[in-house]
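My notes follow in the order I took them.

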Amino acid sequence: MKWAIVLCAMVALSECLVRVPLIKGKTARESLEEKGLWEEYRKRYPYNPTDKFGYAVGDEQMTNDADLAYFGVISIGTPPQSFKVIFDTGSSNLWVPSVYCSSAACNNHQKFSPSLSSTYKNAGKPLRIRYGTGSMTGFLAYDTVEVGGIQVPKQIFGLSQTEAPFMSHMKADGILGLAFPRLAASGAQPVFNNMVKQGLVQDYFSVYLSRNAVAGSEVIFGGVDNSHYTGAITWVPLSAETYWQITVDSITVNGNVIACHGGCQAIVDTGTSLIIGPTSDISSINSAVGATMNNGDAVVNCKDISSMPDITINIHGHAFTLPASTYVRSLHSQGYSCRTGFSHGRSNLWILGDVFLREYYSIYNMADNSVGLAKSV
């Protein structure tokens, strides 16, 4: 930890890369399917991915995405207490469970204990994060947060006192938001912005999500790893500086526009597992690939993957193609049935989640308000 700080002080800031390995683990859905509890869960806690983006600026929100697979480890306090968190470009707050939380969702996760940290300070502000099917309430505090071996002193973060029941199935303990500061609940300064403000890293970061391997995925603060991509980086200007929001030109199959006619708005979001769009457009995409609806899933025969068409998402004059092998996943409990990675929300907003980001390395540049995309290797 100390050596990482010394190293960053000795080299040019542009050469200081703060790497956080991401673990690709079993999703909540996979665990629930194995226990025969998935159908009960999905009915009790219906998932609407666009709920996450449906509230006012400064009012943080999240959704119960049971398909999230990637998380990394950070620590908070002195001495450090470790937590698994989702690195989420679709939200801005850092929060973890606290020892003051007695909700069932807290009892199977790591809890932060203020009394065990010599650098802890209560901020005296409440925190509430809304979900589509509940909420998390707690308070804000300050402490030293360690990310990728770099210490970020006096970082504000949330501590939960109550959590919605569905959160007991989350694999991660909490969330580390990487969107813009104006989104943060209670005006909290996001971790990445604090790192930049304190001169620890440059003002951009990148995310690499491995396709199959348990290891290999990572978030890199202050840099880009050329070994993670091939070809040129396409830089896309943001259309709004709250989320990492961009304009998509169209979505095509074999050159024919099947969705996003005339352009649409999309959020590049590591905290959403699928590609989300308006109901009619998603129906068009799933129909084009031969999927049928079965109990909420767009289902195809796994044996047909090799003959299914590519889906092309056209952004800023460039084509980003997704072969069927990237947008189809198996249904573990249903033999040869597979499901597509396209699902609908309740708005006109699109979300480019992990299905897209496994295929394209993403770079988030706050210096010039743009997102960089390049073909992953």
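This is a predicted model: local features need pLDDT of at least 70, side-chain atom pairs count only at pLDDT 80 or more; totals for chains, interfaces and linings use all residues.

I started with charges, taking a salt bridge as a side-chain nitrogen of Lys or Arg within 4 Å of a carboxyl oxygen of Asp or Glu. Residues are numbered from 1 along each chain as its sequence is written, and side-chain values use heavy atoms, with hydrogens and water left out.

**Entry 1: salt bridges**

How many salt bridges does the rule give? I get 4. Arg19 pairs with Asp225, with 3.0 Å between the closest N and O atoms. I looked up where the two sit, with helices (H or I, at least four residues) and strands (E, at least two) being DSSP runs numbered from the N terminus. Arg19 is in strand E1 and Asp225 in the loop between E11 and strand E12 (229–237), so this pair ties together parts 206 residues apart in sequence.

Arg19 also forms a salt bridge with Glu218, and there the closest N and O atoms are 2.6 Å apart. Glu218 lies in strand E11 (residues 217–221) and Arg19 in strand E1 (residues 18–24), so the parts tied together are 199 residues apart in sequence. I noted Arg19, Glu218 and Asp225 down as a linked network of salt bridges.

For accessibility I used three classes: buried is under 20% relative accessible area, exposed is over 50%, and partly exposed is in between (1.4 Å probe, protein chains only). Arg19 counts as partly exposed at 35%. Glu218 is buried at 9%, and Asp225 is buried at 14%.

Another pair is Glu359 with Lys375, closest N and O atoms 2.9 Å apart. Glu359 is in the loop between helix H8 (354–357) and strand E26 (360–365), and Lys375 is in strand E27 (residues 370–376), so the pair joins parts 16 residues apart in sequence. Glu359 is buried at 4% relative accessibility, whereas Lys375 is partly exposed at 30%.

**Entry 2: disulfides**

I called a disulfide any pair of cysteine sulfur atoms within 2.5 Å, and the count came to 3.

Which hand does the disulfide of Cys260 and Cys264 have? The torsion about its S-S bond is about -105°, so I wrote down left-handed. The sulfur atoms of Cys260 and Cys264 are 2.0 Å apart. Cys260 is buried at 2% relative accessibility, and Cys264 is buried at 10%.

Cys302 and Cys338 form a disulfide too, sulfurs 2.0 Å apart, right-handed with 110° about the S-S bond. This pair links distant parts of the chain, 36 residues apart: Cys302 is in the loop between strand E19 (297–301) and strand E20 (311–315), and Cys338 is in strand E23 (residues 337–340). Cys338 counts as buried at 3% relative accessibility.

**Entry 3**

Two strands pair if DSSP finds at least two bridges between them. E19 and E23 pair in the antiparallel sense over 3 bridges, with Arg339 in E23 as the bridge partner of Val299. Strand E22 (residues 328–330) also pairs with E23, again antiparallel and over 3 bridges. There I found Cys338 as the bridge partner of Ser330.

**Entry 4: Pro278 and H6**

Pro278 is in the loop between strand E17 (275–277) and helix H6 (279–288). Why does Pro278 count as buried? Because its relative accessibility is 10%. I took contact as heavy atoms within 4.5 Å. Setting aside neighbours within four places in sequence, Pro278 touches His344, Ser347, Asn348, Leu349 and Trp350.

On H6 itself, the buried residues are Asp281, Ile282, Ile285 and Asn286. Ser280 and Ser287 are exposed, on the face turned away from the buried side of H6. Just after H6, Gly290 has a positive phi of about 85°.
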